[in-house]
Amino acid sequence: MKAFKILCFLLLGSSFLSSAFAQELIINHLNVITMLDDQVLEDHSIYVKDGVIMEIAPMEKISVAGVRSLDGRGMYVFPGLAEFHAHLPNPEQFGAVFQEEVLWMYLANGVLRIRSMLGHESHLDLKKRVDSGEISGPRMFISGPSLNGTSVENPDAGRKMVRDQKAAGYDHLKLHPGLDDPKFLAIADEAKKVGIYYGGHVSLDVGLVTSVKNGYRSVEHIDGFLEAMLPDGSVIDPTVSGPFNMNLVGQVDQSKLAGLIQLCLDNKTWIAPTLTLFERYFGYQPAYELRQQPEMFYLPGQLTTQWFNTKSKLEADGVLAEAKVKPYLEFRQKLFLDLHKAGVPMIMSSDSPQVFNVPGFSIHREIESMSQAGMSNYEILKTGSVNCADYFEESGEWGVLKPGAAAEFVLVQKNPLEDLETMQKPQAIMIQGKFIQRDELQLQLNLIRQKYLRQ
């Protein structure tokens with residue numbers, strides 16, 4: 001605790017120091033989790049210059065004169081987390097300021113990278129403003145507007161949407177349900193031609209097998225697996241099958257999973273599980289309980305009311321009765337772990353902001369869900385760091401702590417390889433060449449909460 005007080009003292013007035021330290025600093029006496037393996041480098045220093053890690057070594061082995069230094073004795077440092085199924089809000093929903101507030105919510109929870117999965121033209125500008133240092137926020141990968149059965153009129157229209165989104169500067173394509181084979185295959189073919197990743201929901205008429213075989217980079221929500229594991233010849237009636245066909249879980253043929261796993265491995269398909277989304281949105285915990293959780297008070301009241309009304313209607317209709325939902329959630333949890341154990345790569349994702357999933361905060365609920373499913377702490381951290389960099393073929397550039405990698409990291413009080421909850425309260429973060437202490441992160445959260453304070 002004494003060392004932490006020293007760190008806080010050195011960082012007092014972080015707005016000034018963030019600028020002063022933007023180019024070069026050394027943080028000494030850290031326990032470093034590089035994520036190159038599951039070991040901890042005890043009592044090491046990190047030397048940062050121009051937003052890049054220059055050296056990680058014991059303090060006496062780093063000889064750089066005239067560089068400001070901080071004492072981080074007792075702190076653990078790791079590369080920070082990524083939320084790879086985010087939804088940046090659009091300015092017409094709750095205003096442009098809310099977009100920036102969401103970015104602070106991510107940072108205050110140690111989320112330093114996001115993949116936003118429902119694009120809007122304002123997101124491209126937001127990304128540029130973050131990259132330039134004009135505003136603070138996590139680094140972003142941005143998908144374009146949804147490609148679905150309604151937005152894609154025909155195969156040629158789908159091809160044009162792919163070309164247009166690539167030309168606009170989007171990093172990824174997001175596919176939603178309703179596509180048929182001709183539309184989907186045209187989109188997949190054009191995406192390969194122009195060189196842009198694509199993935200998302202699995203359209204019922206297309207199916208998981210066709211999606212994966214034709215280059216789906218990521219399957220969001222572990223979608224399509226349940227349907228692909230139904231007995232041959234099964235006919236799905238959406239009027240009775242429930243959200244994501246959860247009412248059909250009792251018909252699943254587990255013997256089909258091995259073939260689907262091999263299909264994903266052969267085609268290098270990634271899984272964005274969003275466990276917490278299903279546990280909260282489609283789970284049987286009552287909406288009135290979720291509405292009162294502390295993180296809800298960082299959002300516009302209108303938004304939480306929308307979420308409450310959405311889930312309450314499902315509850316009133318009997319859709320979310322525990323007897324219906326519990327077997328489905330257990331199926332998803334087991335499916336998640338089976339895929340992971342078989343080597344299908346996972347990317348940390350919670351789907352935020354989405355019904356009762358608050359940006360930044362929800363990633364810690366996702367971490368808890370992954371842990372409860374049986375994933376080890378180290379593997380959980382990999383899904384939010386190393387794996388996410390690998391996803392965009394940027395291995396070693398970020399998501400790890402080593403010389404030459406981006407200087408993006410989070411300081412916490414305990415070892416997250418032993419205590420996952422410590423990541424819920426970052427003591428400081430390094431992002432965009434700025435070192436931001438806990439006081440400033442909490443100040444930004446307090447300002448947001450005060451703005452939306454309500455009875």
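Helix 4 (residues 96–108) and helix 19 (residues 438–451) have axes that come within 10 Å and cross at roughly 140°. Helices here are DSSP runs of H or I with at least four residues, strands are runs of E with at least two, and both are numbered from the N terminus. The axes are lines fitted to C-alpha atoms, for helices over the stretch in contact, and the angles run from 0 to 180 degrees between N-to-C directions. Angles under 35 degrees count as roughly parallel, over 145 as roughly antiparallel, 65 to 115 as roughly perpendicular and the rest as oblique; helix 4 and helix 19 are therefore oblique to each other. Their crossing is left-handed, a label used if the near helix is turned anticlockwise from the far one by less than a right angle, with right-handed kept for clockwise. On the helix 4 side, Val97, Glu101, Trp104, Met105, Leu107 and Ala108 do the meeting, and across from them in helix 19 are Arg438, Glu440, Leu441, Gln444, Leu445, Ile448 and Lys451. Contact means heavy atoms within 4.5 Å. Sorted by class, the residues of this contact come out as 8 nonpolar, 1 polar and 4 charged. For that sorting, Ala, Val, Leu, Ile, Met, Phe, Trp, Tyr, Cys and Pro are nonpolar, Asp, Glu, Lys and Arg are charged, and the others, Gly among them, are polar.

All of this comes from a predicted model, in which local features need pLDDT of at least 70 and side-chain atom pairs count only at pLDDT 80 or more, while totals for chains, interfaces and linings use all residues. Residues are numbered from 1 along each chain as its sequence is written, and side-chain values use heavy atoms, with hydrogens and water left out.

Helix 4 also meets helix 5 (residues 121–132), with axes that come within 12 Å and cross at roughly 50°. Helix 4 and helix 5 are therefore oblique to each other, and this crossing is right-handed. Gln99, Glu100 and Leu103 from helix 4 touch Ser122, His123, Leu126, Arg129 and Val130 from helix 5. That contact holds 3 nonpolar, 3 polar and 2 charged residues.

Next, the cavities. A cavity is a set of points, on a 1 Å grid over the protein atoms alone, where a 1.4 Å probe fits but cannot get out, and lining residues have an atom within 4 Å of a point. Grid points are joined across faces, edges and corners, and a volume is the space filled by probe spheres set on the points. There are 2 cavities of 30 Å³ or more. The largest has a volume of about 70 Å³, and its lining includes His221, Asp223, Phe244 and Tyr328. Helix 9 (225–228) and helix 15 (322–341) each give two or more residues to this lining, with helix 15 supplying the largest share, 4 residues. The lining splits into 7 nonpolar, 2 polar and 3 charged residues.

The second largest cavity holds about 50 Å³ of space. Among the residues lining it are Pro79, Arg113, Trp398 and Glu408, and strand 6 (81–86) and strand 7 (111–116) each supply at least two.

Most residues other than glycine have a negative phi, and most peptide bonds are trans. Ser352 and Pro353, however, are joined by a cis peptide bond with omega of about -10°; Pro353 sits in the loop between helix 15 and helix 16 (361–373). Asp50, not a glycine, has a positive phi of about 55°, and lies in the loop between strand 2 (41–49) and strand 3 (52–57).

Conventions:
On a 1 Å grid over the protein atoms alone, a cavity is a set of points where a 1.4 Å probe fits but cannot get out, and a pocket is an open set with protein on both sides within 12 Å along at least five of seven lines; lining residues have an atom within 4 Å of a point.
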